Amino acid sequence: SEPPGALKLRGKGRLAARLVPPAWRAIGPGWDATVEEVDAQELVASSRISLNGWLGPPWLKEGWFHAYLLLAGTVSDAAAKRNAEALYQRLVTGAYEGETERIGLERKLVALLGVGCERVILGYTARREYFNNSDYSEGIENIGFDSHTGLNSPIFVRTVKLKDFLWNGWLRLGVETKARAAWNPLGGFTDATGRLIWAAVGDPGQFPAPYNSSWVPNRVTSTVTAGGSPPGGLEVPEDALLPEPGTGLLRPVGPGKTASAKVLYRVLAAPFHDKTPMAVADALYPFSFAYRSHDPLIDASTALAREWLAGVKVLRLEQDIKDLHDKQLAFQVQIIEVYVKHTLADPRQIAAVAPPWSTLPWNLIVLMEEAVKRGFAAFSEDEAKRRGLPWLDLVRDQRLREHLAALVEEFGREGYVPPSLRGLVTPEQARARWAALKQFHAAHRHFLVTNGPYRLHQWSPSSVVLQAFRDFSYPLGFGSFNQYPIPRRAYVAKLELRGDRLEVRADEILERQVLQRPHR
């Protein structure tokens, strides 16, 4: 019996069998087999980037990628292993001509991974998730979910609505396991509870599409231009910036540099929860951060961005005006070009590699970096264990918060600007940032400042309370993602053979209740 309004997240995932030893034909004495249950989310956990506003890799939900993670480590045939790795590299660098060749490479990769019998997929289990669909006040509706992660996903918290008390009610969510991971957006939030909190508090530039392997624009929209012929022949402007390896200093790329694609981003800026405005420095600082070594987990998470990035160029700032009945609202939009070295078949996957976006203010990232550098904590769990340090937690570690508060005081006095942002941020602007962070900590008792749709309000060992962030400065209006909860129910209506072609007609039924409201 589930309590009213409760949401239980249950995970089973994939079922596979691993045969041990490799001489599996020896039936009888000496033959052995191990049956394993592999959770789908645990399978991709080491590859998922929950780094600030980046959630890649772009192929995170592709079936061939899951097959590679599940089977590549057990292939014993040397030739098959080499060929599989070569196919994998072609897929992750876009080294193919068009959609047809890409699909062929995927099929070949999966076939190669399944040649041996070291690990054999026996079947799959379904994951059930429960929600309250009652007609009274605690029931919920308009539920978007991810085809892999279910309700523990960014799309869920951006679509779900209470049936009553839409603006002043309580949405109660339950997670099956206790919160274990540290609450920091650069190497924490790695358990189920953390992922749910970060999906609500953070605001990624893009997030995985709920029903396919593409991506949904959130705080950045994009237009992709491929390099054309020859591949990689797109010229990168000399004044485009590229972080310097090791230091992260933003240097001009110089003459003669080329790329395979250009992504033009429209970045929807808005104030952070400490009331400081999002600036170009906030969008650029994650690139600088990715080019400095901090922690093995972060280094691995940012490797794709370093491999792909060819240059970043800030073009201009624009203003969007939205009419809201009797008033007009102005929103700042940053227009930024990002040049990348590779292409993929899906333009949205290209745009998801390294968008110019941060859901954290630049000074909060600097604060965490300094805490790690001075030995107060470590970004990731593994590094914390290796160094014998606390796992960096911006909320629940009182001693660390005291260290962070002292650093904020120090940096505020001197107007500290990190070397990679000098020229983009003045000392006066930096002092205003540090002062706002100090005031936020005094008011809320934590340092988890974001620009997301929810704000952390209260917490205990068994519960967390988030407040909806309702402010006209937030650029995404109510109902921005309402198309995603519409159920997709398609069926084959007609099959017709025409020569060497089979034509399939698919009809789709859309069901949605529309509430009509009379106009005055």
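Rings of Phe, Tyr and Trp (its six-membered ring) make a pair if their centres lie within 6.5 Å; planes under 30 degrees apart count as stacked, over 60 as edge-to-face and the rest as tilted. With that in hand, here are the close-ups. This is a predicted model, where local features need pLDDT of at least 70 and side-chain atom pairs count only at pLDDT 80 or more, while totals for chains, interfaces and linings use all residues. Residues are numbered from 1 along each chain as its sequence is written, and side-chain values use heavy atoms, with hydrogens and water left out.

**View 1. W64 meets Y88.** Searching the whole structure turns up 13 aromatic pairs. In one of them, W64 and Y88 have ring centres 6.1 Å apart and planes at 70 degrees, so they sit edge-to-face. W64 belongs to helix α2 (residues 63-71) and Y88 to helix α3 (residues 78-93), so to speak 24 residues apart, and the pair links distant parts of the chain (helices are DSSP runs of H or I, at least four residues, and strands are runs of E, at least two, numbered from the N terminus). W64 counts as buried at 5% relative accessibility, and Y88 is buried too, with a relative accessible area of 13%. Buried here means under 20% relative accessible area, exposed over 50%, and partly exposed in between (1.4 Å probe, protein chains only).

**View 2. F289 meets F379.** The ring centres of F289 and F379 are 6.1 Å apart and the planes stand at 90 degrees, so this pair is edge-to-face. F289 lies in helix α7 (residues 280-290) and F379 in the loop between α11 (362-373) and α12 (381-387), so the pair ties together parts 90 residues apart in sequence. Both F289 and F379 are buried.

**View 3. Charges over rings.** The charged end of R396 sits over the ring of W183, 4.0 Å from its centre. K322 does likewise with F331, its charged end 5.2 Å from the ring centre. The test is NZ of Lys or CZ of Arg within 6 Å of the ring centre and within 35 degrees of the ring normal.

**View 4. Helix α6, tucked in.** Of the 10 residues of α6 (residues 192-201), 9 are buried, so the helix is largely enclosed by the rest of the structure. Among the buried ones are L196, I197 and W198. Their cover includes α5 (154-159), β18 (454-459) and β19 (464-468).

**View 5. A chain end to treat with care.** Over residues 510-520, pLDDT (the predictor's confidence in each residue, from 0 to 100) stays under 50. Where pLDDT is low, the predicted coordinates should not be read in detail.

Technical notes:
Contact means heavy atoms within 4.5 Å.
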